[in-house]
Amino acid sequence: MDWREFRVAFPLLVSCRLLLALTPFVNSLGLDHNHQLSSPTNSYVRLQEGLFLFKHDIDPYAGGSFYHSPLYLSLFTTVLPTSRFVSRIVWTMLDVLGAWALVNIWRERQSVVRTSRDTLVAAAYLLNPYILLPNLALSTVSFENTLQLLVLLYACRRRPSPALLLAAILIHLSLYSALLLPSIALLLLSSPHSHLANPKFFTAYRHPNASLSTLLSYIGECVLYSVVLCLCCTVVAGGWGWVEKTWGVVLTLPDLTPNPGLWWYFFTEMFDHFRPFFLMVFSVHLLIYVAPVCLKFQHDPLFASFALLGVLGMFKPYLTLADPGLFLSMYSVFPEIFPYLSHPLPTTLLHLHASLLLPLFHSLWLNQGTGNANFFYASTLVLGMANGAALVDAIWAGLRIAIGGKESEDEGEIAVVQE
Amino acid sequence: MRLLFWTTTSLLLLISFFTFVSTGSFATETAIPQDAARDFFTRHAGPEKTSNHTNNWAVLVCSSRYWFNYRHMANALGMYRTVKRLGIPDSNIILMLADDVACNARNKFPATVFSNQGRSLDLYGENIEVDYRGYEVTVENFIRVLTGRMDSSVPRSKRLLTDDRSNVFVYMTGHGGNEFLKFQDNEEISAFDIADAFEQMWQKKRYNEIFFMIDTCQANSMFSKIYSPNILATGSSEVGENSYSYENDNDVGVAVIDTFTHYVLQFMEGINKTSQLTMQDLFNTFSFDKIKSTPGVRSDLFGRPLDRTLITDFLGGVAQVELVDEDASAEEPSFSADNFSEPESPSDEILLAVEAELRSGNNISRGDRTPTTATNVDSSWYGLVKVLRAWGSAAVVGGLIGWIVTSR
């Protein structure tokens, strides 16, 4: 039993993560208040505040401090306790579930039971600092990432009901994840196998019993689940105020706490009479990516979802480091594109730059006072460039692979079966 | 088909549950949060605490200019330093100074202002924020600051943004006389103006309580005309008396501090943010022998007893804090802790006072988390409905997930 084998290595990775989460040293780092690791819509501190208000019979959505979905309220006041120790274990288990889902997505893509790269894929998720650190900071973006991966997994396994239900829950937690619904629908109607080297129209690769009526039934099912969840949320929150404070927050951006995203600085200096226009521009801008990506990668909807995750990881309103982290971890599921990446080294270096500059300029601005907000804004621009470089490279390689001709592919280094 | 059937049944169940719950819960809901909020403020008021403010502001005015009025600048800066040390942030302090002594050509120690003979503590430093400097310190600006009637172009740092739960500390120093105070050698403010400004503040609910301290000649006359409630005032000398400076520094060459302010600041140096010393303790230290004039106190407009009014109610940035830690074995009692973390080094008597309060507070607050409403039945029913709501929605979502994930 080789230590690199998945059955041995995965529990090792899980125990490593658990140890890391439970060391007292992590408590002293004060990661909860770190602006790079959690933003107003997914900060643990604000979750605690909302739970406190809820338990004391004050409407948590009446003030401006709680932007989480009411599903979190019902989850944490009933099933999960809110003590920090248990929270760390729960969050680590969420990441473990996400890693397990990623490994199974990788396996589904090849239609095999196990491969030699499983450990690498799991480690790429569990040990990715962009995902590890927000998890230690107990940011609820871990819920969103895990749900996202589970949705993709059930879509790969062609089980529409769990996929659509989890997608409905995910949309309740983070509204912009609705951008992935078209690609998930395409994935449900076809297969997760890699057709990047052999692009054809969607009809060539779709599942035999896929048709317009199944698509309509999927849409109807998703809407039904959303309605049920809306009612549940209304029951918990005791009214309809939660809509404005959860979904409305990502559309109107009332809270301009600094985060690694690209929205907050723009809107700090926005004149009031231009605000609605630019909010509309920023939101519609995200919608622009859905149709082209889904059309271009209609032969490989899993890759289309991957590209859209990259778009979300760049342009979400309340970004944390875990959103680009998910995109970077999913790179490991598509090793067939690695020979065709045109600038992997600059992308890596840009990410290194960004991850070093972000905490440095944040501290220089807010702790020491010798810098100002522009420093931190510049480092968020570097992160945006790094994400952009990664996304553009992935899309380039995904298209370039169809032309082929790289040596390493012919030498059989790539383990992915191309159909 | 089966899926459709089950989801429609659960939907109907949920709709009925929702309507039932909503009709029951909305009616009592609006009353409960206000009770809870009022309960939070009065819960730990008890026999010990009587304050009900939520934020602190300070307006510190030095109304003189020129080198020979060095001591008035040092008075105001000493108060500024004390008030900041005790926790009021710069955003809540309006400092009005002529600010012409630190970089005066006659200052042998440039960019410094000292307040004692050995020049041991520089009050000017690197980190002071003067809001109104030089010729901006006028009677009109002072009254505009107090009443809030300003042009909309005035920046926030120059505004007194108080509300009806703010305690305001107003300190004035300079040259004064019987019912007037001289502003920068060309105008004066009278006691009637100050009284009317405070009344405007009361009418517009711009303060919870005001502590007015004035250190000038014939200072007590300046607060004699105040007629608004909740104002405590103290001055350095009676009508017909002068207020004297305390000491000169031989190298600076002028008087560096006034007696009344010197003794008040000396008293404050023994205090930190957790202090339980009261206004009565401060006023008990006043004496003619020390201060060389008769300090006065006006408390007839002040609602609370002076021996239960803390110094930090006005000079400190102290707030009610309730500590909640689910892991703690005993519930932490709430006591007046400030916005920042641990105090530096509490003296023994303060520590004893805090401990006694912790012990007494323990009995009051242990285990009491539900809001006290008119009837116990009402609150327990409301709590039950809330728990039902949370569990109901969690059960529906969890059941839906479990059923769908495990089916087929």
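Across all chains of this predicted model, the count of aromatic pairs comes to 45, a pair being two rings of Phe, Tyr or Trp (its six-membered ring) whose centres lie within 6.5 Å, with planes under 30 degrees apart counted as stacked, over 60 as edge-to-face and the rest as tilted. One of them is the edge-to-face pair of A:Phe306 and A:Tyr331, with 5.5 Å from centre to centre and 90 degrees between the planes. This pair links distant parts of the chain, since A:Phe306 belongs to helix H16 (residues 301-315) of chain A and A:Tyr331, 25 residues apart from it, to the loop between helix H17 (322-330) and helix H18 (344-368) of chain A. Helices (H or I, at least four residues) and strands (E, at least two) are DSSP runs, numbered from the N terminus. Both A:Phe306 and A:Tyr331 are buried, where buried means under 20% relative accessible area, exposed over 50% and partly exposed in between (1.4 Å probe, protein chains only). In chain B, the pair of B:Trp202 and B:Tyr207 is tilted, because the ring centres are 5.5 Å apart and the planes stand at 50 degrees. B:Trp202 is partly exposed at 33% relative accessibility, whereas B:Tyr207 is buried at 2%.

Local features require pLDDT of at least 70 and side-chain atom pairs pLDDT 80 or more, while totals for chains, interfaces and linings use all residues. Side-chain values rest on heavy atoms, without hydrogens and water, residues are numbered from 1 along each chain as its sequence is written, and chains are lettered from A and ligands numbered from 1 in the order in which they are written.

A search of the whole structure gives 26 salt bridges over all chains, each defined by a side-chain nitrogen of Lys or Arg within 4 Å of a carboxyl oxygen of Asp or Glu. In chain A, A:Lys316 and A:Glu144 form such a bridge, with the closest N and O atoms 3.4 Å apart. A:Lys316 lies in the loop between H16 and H17 of chain A and A:Glu144 in helix H8 (residues 141-156) of chain A, so the pair ties together parts 172 residues apart in sequence. Both A:Lys316 and A:Glu144 are buried. Another bridge joins A:Glu5 and A:Arg7 (2.9 Å, N to O); A:Glu5 is partly exposed at 27% and A:Arg7 is exposed at 57%.

In chain B, a salt bridge connects B:Arg119 with B:Asp251, the closest N and O atoms being 3.0 Å apart. The two residues lie in the loop between strand E2 (93-97) and strand E3 (132-133) and in the loop between strand E10 (245-248) and strand E11 (255-258) of chain B, respectively, so the pair ties together parts 132 residues apart in sequence. B:Arg119 is partly exposed at 25%, as is B:Asp251 at 37%. Salt bridges with shared partners join B:Lys108, B:Arg119, B:Asp249 and B:Asp251 into one network.

Helix H6 (residues 259-269) of chain B is largely enclosed by the rest of the structure, because nine of its eleven residues are buried. Among these are B:Phe260, B:His262 and B:Met268. B:Lys273, in the loop between H6 and helix H7 (279-284) of chain B, is buried at 16% relative accessibility. The C-alpha atoms of B:Lys273 and B:Gly87 are separated by 6.9 Å, although the residues are 186 apart along the chain.
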